[in-house]
Amino acid sequence: MDQRKFVYDFEEGSKEMKTILGGKGAGLAEMTKIGLPVPPGFTISTEMCPEYLKVGDIPETLRNEIREHLARLEGKLGKKFGSAQNPLLVSVRSGAAVSMPGMMDTILNLGLNIETVEGLATLTGNPRFAWDSYRRFTQMYGNVVLGIEHNDFETILAEQKQLQGVTLDTDLSIDSLKALVQKYFALVQEKTGKPFPQDPMDQLLGAVGAVFRSWNTERAITYRKIEKIDSLIGTAVTVQSMVFGNMGNDSATGVCFTRDNSTGAKRFSGEYLVNAQGEDVVAGIRTPKNIDEMETEIPETYKRLVEVSLLLEKHYRDMQDMEFTVERGKLFLLQTRNAKRSPVAAVKVAVDMVVEGLLTKEEAVMRVTPTQLDTLLHPQVDPQAKVQVIARAIPASPGAGYGKVIFESKKAAELGEAGEKVVLVRQDTSPEDIDGISKAQATLTTRGGASAHAALVARGLGKPCVVGADQIKLNGVEKTFVANGVTVHEGDVITVNGTTGEVILGQAPMVDAEQTAELATLLGYADGIRRLGVRANADTPANAHKARAFGAEGIGLCRTERMFNDPERLPLMQEMVIAGSLEERTPALEKLLPMQRDDFEKILEAMDGFPVIIRLLDPPLHEFLPQIDRLTEEMAEAETAHDEARIAYLQKVMKRYNELKEFNPMIGFRGCRVGIVYPDIYQLQVRAIAEATATLVKRGLHPMPEIMLPLVGHVNEIKVLKPLVQEELDKVFKREGITVAVKIGTMVEVPRACLTADEIAEYAEFFSFGTNDLTQTTYAYSRDDAAGTFLPAYLESKILDVDPFQTIDRKGVGKLIRIAVVLGRQTNPGLEIGICGEQGGEADSIDFCHTSGLDYVSCSAPRVPIARLAAAQAAIKNRPAAS
């Protein structure tokens with residue numbers, strides 16, 4: 001017989017038992033423990049979820065445990081489950097160890113039937129409340145447990161309101177509510193072929209099973225995928241005695257936060273509804289009141305709620321999100337959890353709590369995710385721009401996003417997945433809309449408040465969101481909405497400003513986000529903790545200045561070929577490529593020299609005192625020539641015009657193109673191979689670097705260039721090229737009368753270089769891993785082709801856990817990197833080692849770089865703050881445990 005324990009009374013748990021009790025169960029247990037007003041109940045462990053899902057039924061041992069704990073609950077309250085005289089009603093709610101707001105199911109008012117509803121009416125002296133609770137229960141149970149579409153119930157509800165001539169649920173009469181229950185019964189019989197269950201224990205067991213099943217709903221799976229939650233075994237189920245916010249005007253329900261979850265300001269915030277139940281607030285069915293109004297409407301309860309919120313924040317040392325109910329003036333707490341918050345709020349709260357003495361700097365750094373920082377640094381609507389604001393509503397999640405208006409979540413998800421910018425516009429959202437919200441640039445709803453589902457999910461995803469725009473009138477049939485006289489059709493572009501609550505017609509001008517004082521402080525904390533240096537990939541003076549503004553400590557990759565793509569320079573580069581001999585190439589090279597020198601001078605000046613790694617020409621030469629299709633078109637035009645000079649030139653270009661083109665240029669004539677065959681090209685670039693350095697030294701600056709030889713796979717390649725580079729440097733520096741130590745190293749991007757790193761390190765003064773190409777050559781995947789063919793299928797079917805071009809593949813590519821680090825430093829203990837591929841700005845890859853002993857990471861300039869934070873988090877997570 002199974003002797004394991006699966007059910008825990010609230011008194012038996014604590015906040016440390018989140019893995020077993022889920023976040024909701026652990027929070028209720030902890031609040032009970034510290035003496036707060038929590039309706040009693042019990043929690044079924046997360047460990048039962050996978051067992052239930054495996055067999056699809058509740059085992060008898062669990063049924064017995066539930067009956068045992070239900071009897072204890074009856075004893076505490078003096079009520080009887082299923083009693084017609086003094087009925088005990090319960091809620092059945094989900095709760096995983098990691099918060100997944102709205103993704104799994106809840107059932108309220110469970111235990112009502114035709115007999116107990118009359119007993120509840122007599123007991124409370126409030127028949128309307130009793131029947132309102134029953135119609136809510138039948139609707140919720142019918143949808144969640146019996147699988148009937150929510151809209152089927154809503155249609156019946158709308159018809160009943162129209163029949164009575166009212167607009168609000170709260171205006172329905174007792175007779176209308178009774179009629180609704182009977183109509184819901186008929187709907188259940190029609191859809192399931194069975195009557196609505198009347199036995200309370202059958203109802204309870206059915207609800208427990210439904211909550212477990214909701215773990216594997218599409219919306220829950222999608223949410224876990226988006227949030228990268230893959231370590232949980234399932235959800236817990238909390239069974240809690242009901243308290244009622246729908247007992248009249250002295251009753252209420254709401255959600256509150258210890259701080260503003262959009263801005264992070266230290267201000268009690270939230271929303272509530274009088275004479276309502278919790279789902280009315282979070283589902284966005286009614287637009288709630290601001291919590292500030294509660295101070296006037298129910299002053300004593302408001303005062304107690306503020307006191308409790310301050311106690312809980314101090315107890316948990318984090319911003320709290322609480323659900324509460326007021327029953328006839330008495331406050332009850334139904335949940336507390338660490339609040340979902342916007343990226344802006346996450347940074348501000350973390351820094352403020354350090355100042356307040358609640359957190360250490362290390363704890364503050366761990367409270368903000370790299371993803372939140374990424375979102376925070378996205379562009380915002382230009383405050384100086386003239387825009388057409390067509391609506392204003394509740395700013396539920398800050399930031400700005402624009403795109404085509406789409407009214408259906410599935411369509412928004414499909415278009416967003418395909419790369420189109422869309423804005424999801426709905427009356428309100430439900431958990432099923434998670435995929436659409438995540439793929440859209442922003443979300444706009446006409447109902448709901450800042451605690452509604454759309455707002456909670458958008459904030460968690462860092463997506464802009466505006467809710468409660470009730471001046472907007474949707475027309476689902478014509479797929480339009482009207483706002484202040486302006487008609488917007490599906491496909492028209494709007495901008496949603498989640499910071500201000502504005503809805504703007506068209507695409508609003510954007511500006512780069514500014515670094516707030518709190519962000520600068522947080523990154524200062526991170527800089528004092530991290531071991532890894534953080535550099536930027538930058539190819540222009542403007543990008544170099546931007547990188548410094550973001551806190552880059554140098555440039556880890558300056559791609560010189562990007563400088564040749566300028567429209568003024570490309571013809572000169574083409575002239576050089578077309579040339580068949582050194583004599584023909586030299587004039588073009590001489591014209592390019594001052595251009596490169598000027599670029600290097602400005603980049604080195606922007607990074608004065610910091611290292612700048614300059615990669616010599618890397619791509620195949622044919623990439624600088626026009627594509628063959630374009631050359632063919634130009635040839636046809638020249639022949640039609642009988643332009644003999646043009647024809648002769650195009651023939652020369654086509655001949656050279658055919659000489660250089662390759663079946664697989666990725667592993668062809670590129671990188672250091674070009675420098676060995678055409679050493680004059682590399683000599684030109686080195687001369688430009690040296691002359692730029694000399695100019696700055698004479699101005700009293702401290703340039704620190706480092707020269708990178710790309711694609712070295714054999715020690716003999718660097719043995720040939722390093723003397724050529726050093727000779728050119730020495731020649732210029734001697735002529736200019738200066739002395740500068742310039743490191744010469746290589747980009748490690750082919751497996752052979754990793755496996756022979758000990759040999760290459762005899763000549764290289766630094767290694768920089770080019771993980772983009774190292775991943776391509778290790779996997780034999782073409783990055784561009786794979787993304788459009790098999791790679792999505794590989795990720796979907798879990799052949800690959802992550803995209804190796806986004807996150808370093810630790811077992812394959814990562815093993816090669818570790819081998820190269822060990823071999824390279826065996827030969828050269830002072831070898832400087834970094835990474836400059838796309839993964840240099842990705843948190844998990846940065847953690848790998850930290851544990852592998854690299855000296856720095858390099859990434860695009862806007863990702864430098866993210867890398868600074870992630871490097872600090874890697875240092876904290878991998879700190880040796882105290883003995």
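Asn109 is placed in strand 4 (residues 106-110); strands (E, at least two residues) and helices (H or I, at least four) are DSSP runs, numbered from the N terminus. Although Asn109 is not a glycine, its phi is positive, at about 65°. Asn109 is also buried, with a relative accessible area of 0%, where buried means under 20% relative accessible area, exposed over 50%, and partly exposed in between (1.4 Å probe, protein chains only). As a reminder, most residues other than glycine have a negative phi. The model is a predicted one, in which local features need pLDDT of at least 70 and side-chain atom pairs count only at pLDDT 80 or more, while totals for chains, interfaces and linings use all residues. Residues are numbered from 1 along each chain as its sequence is written, and side-chain values use heavy atoms, with hydrogens and water left out.

A positive phi, near 55°, is likewise found at Arg317, a residue other than glycine. Arg317 sits in the loop between helix 12 (299-316) and strand 9 (320-327). With a relative accessible area of 30%, Arg317 is partly exposed.

Turning to charged pairs, a search of the whole structure finds 57 salt bridges, each being a side-chain nitrogen of Lys or Arg within 4 Å of a carboxyl oxygen of Asp or Glu. One of these joins Glu68 to Arg72, with the closest N and O atoms 2.9 Å apart. Both residues belong to helix 3 (residues 60-77), where Glu68 and Arg72 are four residues apart, about one turn of the helix. Glu68 is partly exposed at 42% relative accessibility, and Arg72 is partly exposed at 36%.

The side chain of Arg687 meets that of Glu590 in a salt bridge of 3.7 Å, N to O. Glu590 lies in helix 23 (residues 582-606) and Arg687 in helix 27 (residues 679-698), so this pair ties together parts that are 97 residues apart in sequence. Glu590 counts as partly exposed, at 42% relative accessibility.

Arg687 forms a salt bridge with Glu728 as well, at 3.1 Å from N to O. Here the link is again between distant parts of the chain, with Glu728 in helix 28 (residues 715-736) and Arg687 in helix 27, 41 residues apart. Glu728 is buried, with a relative accessible area of 3%. Elsewhere, salt bridges that share partners join Asp132, Arg135, Arg136, Lys161 and Asp169 into one network.
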